[in-house]
Structure formats: structure tokens, C-alpha cells
2 protein chains.
Amino acid sequence: MAKNGKKKVSAITSMSEDFTKWYTDICLKAELVDYASVKGFMIMRPYGYAIWENMTNILDGMFKKTGHQNVAMPVLIPESLLKKEGELVEGFAPEAAWVTMGGSDRLEERMAIRPTSETLFCDHWAHILQTYKQLPMLYNQWCSVVRWEKTTRPFLRSREFWWQEGHTIHETEAEAVAETEQQLNCYADFCRDALAMPVLKGRKTDKEKFAGAEATYTIEAMMKDGKALQSGTSHYFGDKFSRAYDVTFQGRSNQLEYPYQTSWGCSTRLIGAVIMTHSDDNGLVLPPAIAPIQVVVIPVAQHKEGVLEAAYGLRDRLEALGLRVKCDDSDQSNGWKYAEYEMKGVPLRVEIGPKDMEQGQCVLARRDTGEKYVIPQEELEAKALELLRAIHDDLYAAAEQRLRDNTLDFDSVPAIKAAMEEHTCFARTMWCGNEACELAMKELAGVSSRCMPLQQELTEEERVRLGDVCPVCGQKAKKVIVWGVAY
Amino acid sequence: MAKNGKKKVSAITSMSEDFTKWYTDICLKAELVDYASVKGFMIMRPYGYAIWENMTNILDGMFKKTGHQNVAMPVLIPESLLKKEGELVEGFAPEAAWVTMGGSDRLEERMAIRPTSETLFCDHWAHILQTYKQLPMLYNQWCSVVRWEKTTRPFLRSREFWWQEGHTIHETEAEAVAETEQQLNCYADFCRDALAMPVLKGRKTDKEKFAGAEATYTIEAMMKDGKALQSGTSHYFGDKFSRAYDVTFQGRSNQLEYPYQTSWGCSTRLIGAVIMTHSDDNGLVLPPAIAPIQVVVIPVAQHKEGVLEAAYGLRDRLEALGLRVKCDDSDQSNGWKYAEYEMKGVPLRVEIGPKDMEQGQCVLARRDTGEKYVIPQEELEAKALELLRAIHDDLYAAAEQRLRDNTLDFDSVPAIKAAMEEHTCFARTMWCGNEACELAMKELAGVSSRCMPLQQELTEEERVRLGDVCPVCGQKAKKVIVWGVAY
């Protein structure tokens, strides 16, 4: 038995009214972040940090299962070290925060707070790597990095953000390429299984790739406003950094060789991705795998005899399943509690009051759909697990449907421009591979290249829709590419 | 059946020859750290970081059990914010790293990389705290901090170190004081149960307390050279910072009130403490609770038929107990493997070879004592668990014996000086409470005050040994105090 129990709470700006403000309202009202006194920096509050902890625990387990080990590198990079690889320093120096004083002494050389740590890892490897027997070295670091951005928004773009950066070196090119792909797939699997978020896997154009990388792979997610959020990247460096930083090893044939390198990262940005993929006008909607509270138990008329005990009993049974459960026995009203846990995106609510106790029943309410289920108490465990699974699956299915419906094929630039003015989407076209056309597309249609999908095969209908020339220059096309408006 | 299987490995400097070099050798040879290109900074390598991860997991669980929540604060503190509380800035500004440039722009106000985050927490609380109903706020942060130290040593004193900093605010003074005590006890329990390390709990003198605190409590551990290592501190601030940062709340009687505050921290220094508490001339010795590898299985004559499978079988059985196990099937010699895992402090080694297989037996060797046990294979689980427990208990007992034997009572300054010249120890005396005498003690006997033990009651014999006057000035004493040579 299901009845719709959703009610309107107007504590936040509605999505349709102002998407940007809706997003910021959720960040603040769900108590995920607070603005810091330090301009452009953010504070992760307990509830926001708990989401990040759940994400990191799952990711860390995935990394370790494939043999990666955590390390900790210094927070500072001397300018001379950062400068050894030309492209990287060009990419990151303009937005670095520079330390010039240590105590009361002016430093002989200024140091950047790490914007990313390739240089530090290479420097360390140059020091410890000797023989191919030590390879591969599969390292990861959990930390925060600083990039002096001009405009900032919580989670999406912030002068400091928290992330993991994987850094690996390998004996052969093939192994390094395989690592790059494996970690991209790891991110995509994580987004699917933990965040209920489908992503488009692809390769970045040279213009959009990571400073210094030979190839950058990306997962791009579509937000509810149709814009793209780059949600994780995996880079292949070849032996470029190894050569720049003089990282060598004694190879199998006793020659000195340069290892092949990768790096890959995802960040607190993923929290922003989750908000804009699943949430609604009542607040945050969280997929169960990362929800700090998966089920909230609300005692109704809790002053009545036995209600609190009954609520604690249900909580205990759910906790025994290994779920993260909270029983809110505070003296706030039921209405306040319902709105509060809706705002916080708790996937499932359980209500129990005197009438339910008489009937031997309790009420379960889904955050995502608002559906309510009145069930016999003995079915609590089975129904709760079933609904949590269904919430995950339905969130994923809805997001996938949106991604599919809003990924459109084009063979002309004006058509893209017109479509984007109607509604932001992912625009798929053919592409000649020239950066000039990429720049022109930005100029003419207001979109940037998101990626060249790994999936390059086309059906016959798609081939007809896309044509076989670059829509900008009309030259023979080399690749399928997806354009969009990026966060 | 036990036989002594310890053999000499001379890969590191012996403790008796040069304690300092012995320590550094272990840090490097056990691959805990590497020096970074950034002077005074350190790199935590996978094995060192894994020890820290085990420590943090246990501590984090303890903090959460008592209601603490993790948050993340910015890495930078604007100078004006740092300056609001006079004592704190005096204590930390001289050793802060200052960011003066963001990208290519000179900052209007320089910012310190956090040396500690009281100021940031207060600033945040001033923003979010409204009513007593929100109290207590029990926060913790895992991060690294930077202090521009002149001389550095891995783990013990480093320009960057990793730690947790707990920060809490409470409605009443009594609650805040109780929190300070609870967290000090939490650290002491952790040292006993996870690190097999006894500590002396006490209160710091005003001279030694944290900048800005009303009271600082400390746990002091004794290293194998008799020196003291401050291993964790817990601070009570009263409402001093609340007033400086204008943190207020609506109290029960509808008045604006200032909350009472605490902070408490422990750091990667604890890894240094573990090294100098338990290790020996063969390398690191780790208590099982924090050992990244608790049991290493070595296949002897692994090329012989069935040996590897038998070794994997033992590994699988130990892993099924929830232990962290490694089977080293590399082509290194047995001698190399034995020395390697001794260096790395793996608590228990299991050996199995063709002869053992014939006899249905395997060999267990303790890292701490070198004792070997030949046991029937079916007793593996029981014996391994028994030995791991015994290793923990024996490590603790030995450290406690050393602490007891080397904590001596004195009633005269020259006697302390003479004793210290003989062998560094903890010197217990009475004290008048005047800082002048504390400074004189440093001058005359070369020792600094470690703490005034929480345990102030004395037996009759102790009272006789200690007398009832300050040994420096001869005035009536107020407190029992312990002096030592500090790391």
C-alpha cells in the first residue's frame, strides 16, 4: 500500500526559479558547508564531511583492492621543482598560492601550496626508484589542494578542495595505459554504484587536457539543468615527467630506463554532482550508499506511553542490519522533523505512533518519490532494504533517462546554438580534430568540448544524423565528440 | 617448545652506539619516511602511512563513540583572524608560513598556513551558533599543519606534520572541563591499548602550556633513552577565545552567553614514540594493533612441490581471523626475508617448508623476543592469536617497567643533575609553583618540567624522599612535579 505523502516546504529557492540559488540554498540549508572568512575557501560541516567520508571510504577500498597504497607528500612545492616540467608550471603557476615567508624570515625561494602533486611524486621517485623489481609503484594521496580561482562556488569551484590524487609509475607503456583506463572505469563504477549517477566516459581534446599530460580521460555527468560536470579525470603522461625529473630504473636488460606514469583524481566536487543530479525543491536527495543517515526513525506523539521505546526498537533492528540510522527523539514537532530530514536528503523515513503500535504496523516514506508504505512491523527489515535498493535504482534510472534524453545529435553549428538557447544539453557531432574548430564552436554556439566518447562506434541512424564532416569547417571528420556547457 | 632464533643484522646503527642515528636509520630503512626536497618536510611512504592509517582508524572510532564529528576547515588563516587572541598569535606567528601571493596578485592581507585551527573554529562558531540547544558542538579535524621549525627530525619535529585537532564548545565550564579530561584519558587509553605504551598523565605548568589555554593536560611517554616525549595534549580555554572571537549563544535564561571551549590533539609524533618505545637493533618493533602486516608467512624452499600452496593456505586461515597477513613468495632468500620483516617490525613470522609439511607442523617466530615455536598446523589460529596478545602485553609490561625504574624521586637539584649525567630519567620533586624555580631548574640541572602528575597523592615513603619544600628555593611546595629531558 502506497500513498503520496509529500508536502511543500518553501525553505529554499525552487530549481525552476533560480537553479544557481537553489543549489547554494541546499549547500547551506542542508548544513553541508559554511563560507569561511577566507574568501573563496569553504568549511565542510559535519553533515557535508560525513558524505565525503562515506565517499572516501568506498573509493579507498576500491583503490586498495587494485593494489594502490596511500602516502603523504608535503603541502609545499619549491618553485624550482614545480618549474622542471614546462607545461605543468604554465598550467598551474598562474593560480598557485605562494609562501614567501617562513616565520619572520623571507624564504630564499618561494613555494607553492600544492595545486597538484606530480612534481613531488616524481622528485620522490627519482630518490627511491632503482630497479624494475620495484615497479609498478601504485600510490595515492588524500589531501586538499589550493588553486587561486577567481569565482568560486561550494564544492564546484573553490580555492581549496579535498580530493585524492593517484600517482603511479610502470615499467611499460602498456601497463601505464591500462592503469589510466582502469582508474577511469573505477570512477565510473563508483559513480554508478555509490552515487547512482551515470557518466559519459571519454578522452579530452588537447585543448582541454591536463597540463603536461599526453592524454586525459574524463567522466562527464549531466546535471539537472543540462550542464556538464567533469567528475573525475585520469591522465597518461608517457615518460615525459620521468625525463623532466630524471626518474630512472635499471631495466631487465640492465639499461637505465624511464618509467611510464599516470595520475588520476576526483574531489569534493562529486558532492556538488550528487546535489545537482538527484535533489529537488524540498532539498537534498542522497543515494543510500553515501547518506550519513540512511534511515531516520520518527516517534509520532512521542510523549505517549511506549512510543519512544517502540521507535528505539525499530532503530535497533535497522542498525542490526548494518544501516546508518538515527532516531530523532528531540522535542521538535513532527512537521519540523519531516522537513528537516527531507532537506538533508535522508533516503528513508520510518514513522511510528500510538495508532501504528495498536495495529502492529509502522510507516515507511521514501525521500525521492514521497511514497508512503504502511507495513506490518515484522516486515521492517525486508521492506527497508528493498526500498533502499529501489531508491538507488530509481535515482540511477531517472538520471540515465535524463542523460539519454538530453544528449542530442547535430550536424550543424546553428542548430546547436538554437538547441542550447532552448535547453542546455550534450551536443554530439563529428569533429575534424582541429583546435581552431573547437574554438570556433565555443564562439559560435557557446559550448566547449566535453570529451571524445570512448564509445566511437555509431549505428546507421546515428551516422546519418551526424554526417561525416566537421560541422564547423566541413572537412572530413575524425572523431565523434560531445559538446556542452561546463561547470 | 621455544628456541631462540634471533640473528644479528647489522644494517642499522646500534642503539647503544648512537641513539639518534639508530632512530633515523629505522625511519629510513623500514621505509617509513623519505626526506623531501622541501627542507624540514617529510614524505610518509606507504609503510609509514599505513601505520598512521591504523592509528587514525582506531582514534577516529574512539572519538565518534563519544559523539565527536569530523569537519574540514580551510588551510589558510588571515593574519587579522589569527591576531584576535593575543597569546595564541604570540605563540604561533613566529613559526608560521605566510602566503603573500595568490596567482600573480599580491594579497591585501597575508595568510598563515594553519599551525593550529582554534581561530578558524571560533570564527565558524561565531557564524553558526545561536542557542544552547546546539551545544555541545564536538568537532574534530584530520589534517596537516605547518610550523616553521629550525631543527627537524622525522615524526618528532617536522615543518609539516599530520594530526587530528579536536575543538569543542560547551554550555558550561564543568562540561568543558570534563571534555578536556575525557580526551586526555582517551589518548592514554589509546597509547595503552593500541601502542602498548604507558604514559604519565599530568598538567603542564603555565610556562609549558599551549598559547592561550587556561590549562593544558598532557600525556608524557618515556623513550628507551630515558627522554620524555609529549604524546598528546588536551587544552581547556574557559571562555577566553569565545570572548575574543565573539562566539555567543542564547542561554536557557534568554541571556547571551559565551560557550566554554576545549581543544586536543595528537599527531604523527606518535609513530616516533612507538619507534623509540619498542624497537631494537634489528629495526622496528610494532605492537600488533597498528602493524600494517601483523603476520608474515614465509615459504621455505618455496620451489619444492606444495610449499607455496601450503603457505597460501596458512595465510588464508590467518586472514579469515581478520588479521592483516602477507605471504612473501618473492624470489628473495629466506635470510633476506627474515631480516626485512624484522626491520619492518612485523610482530609474528610463520615459516613453512617441506620438512614442516611432512611433520604437519609450522614454525612461529616472535619479532619482539625472537622466540620460535614449532606447532602442529591445526593449532595455527589459536597460537597466532595467543602470541599476538602476548606480544602486546609483553611490550607494554617492558615499557611500564622502564618507566617505573627510571622515574626517580629527588629532594635536591645537584642530585638531579648528577643522576641525569649518569642516565636520563624522569625526576620527580616537589615544587613551589614559581616559574623562576622552573627556569632555574633548567639552568642548574638541564631539565624542563614535563607535568604535574594528575596523581598527586604520595605514600609515606615518597613523602620522606621528596620532602615538602621546593628543591630550588626551599619555599613551601605546592605540587608534585616531574622533570625530564624532552624531545
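In this predicted model, A:Met101 stands opposite B:Trp98, a residue in strand 6 of chain B. The two residues belong to a pairing that crosses from one chain to the other: strand 6 of chain A, residues 97-102, is joined to strand 6 of chain B by 5 bridges. The two strands run antiparallel.

The relation between the two chains can be described by a superposition. Two copies of a chain are related by a rotation about an axis and a shift along it.

The size of an interface is often given as the accessible area lost when the parts come together. Chain B and chain A bury about 4100 Å² between them, and 60% of this area lies on carbon and sulfur atoms. In terms of residues, 52 of chain B are in contact with 52 of chain A. Of the interface residues of chain B, 100% are also interface residues in chain A, so the copies meet through the same surface.

Specific interactions can also be counted across this interface. There are 4 salt bridges between chain B and chain A. One of them links the side chains of A:Asp105 and B:Lys150, with 3.6 Å from N to O. On the side of chain B that touches chain A, the largest share comes from strand 6, residues 97-102, with 6 residues. By class, that side of chain B has 32 nonpolar, 9 polar and 11 charged residues.

Attention may now turn to the strands within chain B. An open sheet of 11 strands has the order 4-8-9-15-12-11-10-23-24-22-21, and its pairing is mixed. Strand 4 (69-70) and strand 21 (407-409) of chain B stand at the edges; each has a single partner strand, so one side of each is left without a neighbour in the sheet. Elsewhere in the order, strand 22 (residues 426-431) and strand 24 (residues 479-484) of chain B run antiparallel and are joined by 5 bridges. Across from B:Met430 stands B:Val480, which lies in strand 24 of chain B.

Note on methods. Residues numbered from 1 in each chain as written. Chains lettered and ligands numbered in written order. Predicted model: local features only at pLDDT ≥ 70, side-chain atom pairs only at ≥ 80, totals over all residues. Heavy atoms only, no water. Contact = heavy atoms within 4.5 Å. Buried area = accessible area lost by both parts, 1.4 Å probe. Helix = DSSP H or I, 4+ residues; strand = E, 2+ residues; numbered from the N terminus. Nonpolar A, V, L, I, M, F, W, Y, C, P; charged D, E, K, R; others polar. Pairing = 2+ DSSP bridges.
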